[in-house]
Protein chains: 2
Amino acid sequence: MRNAPDTKRNSKAPTQVLSATLSLFTQKGYFNTSVHDIARESGVSIGSIYHHFKDKEGVASALYNNLIDRMEAELSQIMNTHSSAHDRCRAVIEMLFSITEKEPEVMEFMLYAKHSEFLPNEVPVCSSKPFELMREMVKQGMTTGEIRVMDVMVASTCLFGGSIRMITSRLDGLLPKPLSSYLDDIWTCSWRAVTAK
Amino acid sequence: MRNAPDTKRNSKAPTQVLSATLSLFTQKGYFNTSVHDIARESGVSIGSIYHHFKDKEGVASALYNNLIDRMEAELSQIMNTHSSAHDRCRAVIEMLFSITEKEPEVMEFMLYAKHSEFLPNEVPVCSSKPFELMREMVKQGMTTGEIRVMDVMVASTCLFGGSIRMITSRLDGLLPKPLSSYLDDIWTCSWRAVTAK
DNA sequence: GTCTATACGACGATAGAC
DNA sequence: GTCTATCGTCGTATAGAC
């Protein structure tokens with residue numbers, strides 16, 4: 001029913017590799033992780049890894065794009081289930097905080113890794129679709145009058161910048177309590193920063 | 001009149017090395033820069049580099065601590081020449097913006113590099129003296145009633161987080177105009193976020 | 001203090017059997 | 001599709017002359 005009749009079923013190697021890679025990259029960084037490490041951690045041999053991915057950078061690239069796609073899906077979901085900029089932006093921060101607590105590695109790799117050093121050909125996170133969607137929310141908030149009219153970049157940065165830095169602080173172990181316990185305070189500050197009244 | 005009578009005068013090699021290193025690390029990153037690169041760029045031989053520094057990490061470490069010290073000096077200066085939290089914090093942002101425009105490499109290395117990956121033994125930036133001073137300013141602002149009473153970490157992050165992300169955006173080339181042209185808007189947002197009324 | 005030449009290890013990537 | 005064994009390169013660090 002599928003494509004090739006005789007070849008083996010699609011293996012689960014790639015997902016195992018990506019999962020192990022996320023752990024290793026967030027713990028030790030891209031350059032401190034060897035392909036041997038990935039093979040050991042994932043239980044997949046080097047040969048297989050190179051069969052499924054072009055090279056080490058290809059592994060990182062696949063991982064990166066996977067996570068960007070996932071983020072974009074989450075943001076679209078929020079875009080669709082909320083109508084005001086206020087509700088949308090708050091939901092975004094809540095979502096980011098939640099992922100940070102449940103899957104710190106995902107956030108670590110998305111927001112904290114210096115992709116440009118090992119993925120020179122990928123579009124930087126801040127120019128990626130998810131970040132564009134966040135700016136779009138802010139923009140719409142200006143047209144509805146919820147948010148003061150100003151440079152969209154400035155407004156977006158002020159509205160989300162605090163939360164993003166709270167996330168990195170949490171990942172650095174500087175915050176004793178889970179992010180959810182700071183959410184109300186952060187949101188009060190962030191919204192006051194850009195709202196009209 | 002100095003210490004050793006016969007040995008050559010203290011060479012300027014170390015400063016040349018650190019200067020070249022800053023350029024290379026910010027352009028290509030720590031791991032993409034070899035000691036050979038540093039030798040070539042600085043005009044100092046490998047042997048000399050290893051004479052002055054323990055190893056490659058030692059070069060990075062010296063650079064890092066130099067810049068931290070410099071930042072601390074700038075912040076102390078601001079602490080002494082301004083009295084209110086309002087004036088101090090605004091001056092800090094102005095200073096950070098100014099350095100970003102005049103010496104982008106300094107900010108790039110301070111705020112954007114993932115030090116933990118190549119300087120595992122150094123204290124992270126966010127726990128360094130300069131960042132502590134910034135939190136101290138915020139703390140004092142709460143006692144004087146300028147800033148709403150809340151978790152100091154939350155307030156500091158909200159007050160400075162937007163500006164710090166503007167800096168990284170600027171370094172990423174996402175902002176067409178120099179940071180100074182956004183300063184007033186950013187400050188309005190940031191201060192509204194934490195101020196009492 | 002400065003240099004050149006070299007030793008040595010690690011890692012990315014491939015070959016080729018199963 | 002998966003594996004093991006191996007190759008070649010590059011980069012850190014040292015030795016030792018000046």
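Predicted model: local features only at pLDDT ≥ 70, side-chain atom pairs only at ≥ 80, totals over all residues.
Residues are numbered from 1 along each chain as written, and chains are lettered from A in the order in which they are written. Local features need pLDDT of at least 70 and side-chain atom pairs pLDDT 80 or more, while totals for chains, interfaces and linings use all residues; side-chain values use heavy atoms, without hydrogens and water.

**Exercise 1.** Classify the ring pair A:Trp187 and A:Trp191 and locate it in chain A.

*Solution.* 
1. Rings of Phe, Tyr and Trp (its six-membered ring) pair if their centres lie within 6.5 Å; planes under 30 degrees apart are stacked, over 60 edge-to-face, and the rest tilted.
2. The search of the whole structure gives 15 aromatic pairs over all chains. For A:Trp187 and A:Trp191 the centres are 5.3 Å apart and the planes 20° apart, and the pair is stacked.
3. Both residues belong to helix 10 (residues 183-194) of chain A, four residues apart, about one turn of the helix. Helices are DSSP runs of H or I with at least four residues, numbered from the N terminus.
4. A:Trp187 and A:Trp191 are both buried (under 20% relative accessible area, with a 1.4 Å probe and protein chains only).

**Exercise 2.** Determine which parts of chain B the pair B:Tyr30 and B:Phe118 ties together.

*Solution.* 
1. The pair is stacked, with 4.5 Å centre to centre and 10° between the planes.
2. B:Tyr30 lies in the loop between helix 1 (13-28) and helix 2 (35-42) of chain B, and B:Phe118 in helix 7 (residues 115-118) of chain B, so the pair ties together parts 88 residues apart in sequence.
3. B:Tyr30 is buried at a relative accessible area of 10%, and B:Phe118 is buried at 7%.
4. The charged end of B:Lys56 sits over the ring of B:Tyr30, 4.3 Å from its centre (NZ of Lys or CZ of Arg within 6 Å of the ring centre and within 35 degrees of the ring normal).

**Exercise 3.** Describe the surface near DNA strand C by class and by helix.

*Solution.* 
1. A residue is near the strand if one of its heavy atoms lies within 4 Å of it. Of the 15 residues around DNA strand C, those that come nearest include A:Lys56 and B:Ser11.
2. By class, the surface has five nonpolar, eight polar and two charged residues (Ala, Val, Leu, Ile, Met, Phe, Trp, Tyr, Cys and Pro are nonpolar, Asp, Glu, Lys and Arg charged, the others, Gly among them, polar).
3. Helix 3 of chain B gives the most, with four residues.
4. A polar side-chain atom of A:Lys56 lies 2.8 Å from a phosphate oxygen of DNA strand C.

Methods
Helix = DSSP H or I, 4+ residues; strand = E, 2+ residues; numbered from the N terminus. Buried < 20%, exposed > 50% of the residue type's maximum accessible area, 1.4 Å probe, protein only. Polar contact = N/O pair within 3.5 Å; in protein donor to acceptor, adjacent residues only side chain to side chain.
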